[in-house]
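Reader: I'm new to reading protein structures. Could you walk me through this one with a few questions and answers?

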Amino acid sequence: MRERSLAIRSFTDLANPTRFVALAGRLLPWLASLTALLFAVGLTLCFSTAADYQQGETVRIMYIHVPAAWLSMMGYTVMAASALGTLVWRHPLADVAAKCAAPIGAGFTALALVTGSLWGKPMWGTWWVWDARLTSVFILFLMYLGLIALNRAMDDAGRAAKVSAVLILVGFVNIPIIKFSVDWWNTLHQPASVLRLGGSAIDPEFLRPLLVMALAFTCLFFTLHLAAMRTEIWRRRIAAMRRQAARGAASA
Amino acid sequence: MSAHLGYVAASYGAAVFVVASLISWVVLDARARRRELQVLEDAGIRRRSAGGGTP
């Protein structure tokens with residue numbers, strides 16, 4: 001395609017993979033730099049704030065546990081929106097977006113589970129309990145792994161996209177369960193203390209590093225997602241080129 | 001302070017491991033696919049819609 005035809009005039013123009021690849025190439029260096037800057041500021045704040053009077057030094061675990069837990073849910077929400085794009089609008093990039101978000105979401109969910117466990121041992125006296133919050137997040141992790149396996153197991157990308165999209169939307173029921181589990185059931189995990197009616201219950205001293213780290217992790221998610229999507233488009237192009245070469249060889 | 005320092009260090013270590021793994025996967029995969037595309041283009045294989053452009 002000529003350079004002029006690749007110009008992005010509206011949001012729908014991004015449906016064209018070639019335009020998307022060109023835009024990703026321009027955005028990625030900026031996004032990566034912003035992510036690095038936010039992590040530098042966030043980590044400085046993480047280790048320069050005071051220890052909590054009750055939790056002591058373990059409050060610093062919260063600065064990575066809470067953003068990782070938020071992103072585990074956001075990753076799945078991105079996948080659910082993409083699944084809708086696949087099934088309803090048949091957007092060419094929707095399946096690419098869903099497929100690429102799964103390993104990143106699984107990584108953040110694993111991090112939330114591990115850091116939660118490392119915080120739980122000194123604070124609760126146990127590594128793990130099967131309460132509603134911890135169990136529903138563990139189920140989310142298994143769902144991510146199942147979707148990754150499903151995508152790898154099916155050779156037909158179009159069929160894999162549709163089956164995955166249906167499964168993603170069915171599994172989305174787990175997201176409100178995770179969010180409200182601490183309100184609906186009696187859990188060892190504490191209720192929401194940042195995103196709640198009536199405002200945050202956290203002192204600004206601790207809220208500041210937490211929000212900067214959440215922003216840094218969010219930027220990291222979108223940087224990785226954008227880069228992975230661009231690579232997935234290349235992978236599909238390679239497959240198409242190989243098929244075309246094979247057809248050419250067969251007809252020659 | 002030192003009583004719980006191990007838990008804090010392990011948490012940040014896990015974060016570094018997960019983030020480094022994700023970044024490595026994305027960067028190495030992109031590099032491999034870019035190389036593969038280049039090999040195919042050098043062999044004269046083009047997508048029908050590409051019209052001779054670069055991917």
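Author: Let's begin with R90(A), which is exposed, because it has 12 other C-beta atoms within 10 Å. Keep in mind that this is a predicted model.

Reader: Let's zoom out. How many helices and strands does chain A have?

Author: Following the sequence of chain A, you read α-α-α-α-α-α-α. The C-alpha trace spans about 75 × 35 × 30 Å along its principal axes. Your count for chain A is seven helices and zero strands.

Reader: What share of the residues in chain A is buried?

Author: A residue needs 20 or more other C-beta atoms within 10 Å to be called buried. Chain A has 252 residues, and the buried ones make up 36%.

Reader: Is S164(A) buried or exposed?

Author: S164(A) lies in helix α5 of chain A. Leaving aside neighbours within four places in sequence, its contacts are A98(A), L147(A), L150(A) and N151(A). It has 24 C-beta neighbours inside 10 Å, so S164(A) counts as buried.

Reader: How far apart in space are S164(A) and A249(A)?

Author: In sequence, 85 residues separate S164(A) and A249(A). In space, going C-alpha to C-alpha, the distance is 34 Å.

Reader: Which residues have the most contacts inside the largest nonpolar core?

Author: That core has 67 residues. Elements giving two or more residues to it are α1, α2, α3, α4, α5 and α7 of chain A, together with α1 of chain B. The residues with the most contacts inside the core are A97(A) and M213(A).

Reader: What about α2(A) and α5(A): is their crossing left-handed or right-handed?

Author: Their axes are 9 Å apart and the angle is about 135°, and α2(A) and α5(A) are therefore oblique to each other. As α2(A) passes α5(A), the crossing is left-handed.

Reader: Which residues make that contact between α2(A) and α5(A)?

Author: By class, they divide into eight nonpolar, one polar and one charged. From α2(A) come M79(A), A80(A), A83(A), T86(A) and L87(A), and from α5(A) come A161(A), K162(A), A165(A), I168(A) and L169(A).

Reader: Now for chain B. Which element gives the most to the side of chain A that touches chain B?

Author: Across the two chains, 34 residues of chain A are in contact with 29 residues of chain B. On the chain A side, α2, α3 and α7 each supply at least two residues. That side divides into 22 nonpolar, six polar and six charged residues. The top contributor, with 14 residues, is α7(A).

Reader: Last one: is α7(A) roughly parallel or roughly perpendicular to α1(B)?

Author: The residues that meet include L220(A), L224(A) and W234(A) in α7(A), and V19(B), L22(B) and L37(B) in α1(B). The crossing of α7(A) and α1(B) is left-handed. They pack at an angle of about 30°, with their axes 9 Å apart. Given that angle, α7(A) and α1(B) are roughly parallel.

Definitions and conventions:
Residues are numbered from 1 along each chain as its sequence is written. Chains are lettered from A and ligands numbered from 1 in the order in which they are written. This is a predicted model: local features need pLDDT of at least 70, side-chain atom pairs count only at pLDDT 80 or more; totals for chains, interfaces and linings use all residues. Helices (H or I, at least four residues) and strands (E, at least two) are DSSP runs, numbered from the N terminus. Two residues are in contact if their C-beta atoms, placed from the backbone, lie within 7 Å. Ala, Val, Leu, Ile, Met, Phe, Trp, Tyr, Cys and Pro count as nonpolar, Asp, Glu, Lys and Arg as charged, and the others, Gly among them, as polar. A nonpolar core is a set of buried Ala, Val, Leu, Ile, Met, Phe, Trp, Tyr and Cys residues joined through C-beta atoms within 7 Å. Axes are lines fitted to C-alpha atoms, for helices over the stretch in contact, and angles run from 0 to 180 degrees between N-to-C directions. Angles under 35 degrees count as roughly parallel, over 145 as roughly antiparallel, 65 to 115 as roughly perpendicular and the rest as oblique. A crossing is left-handed if the near helix is turned anticlockwise from the far one by less than a right angle, and right-handed if clockwise.
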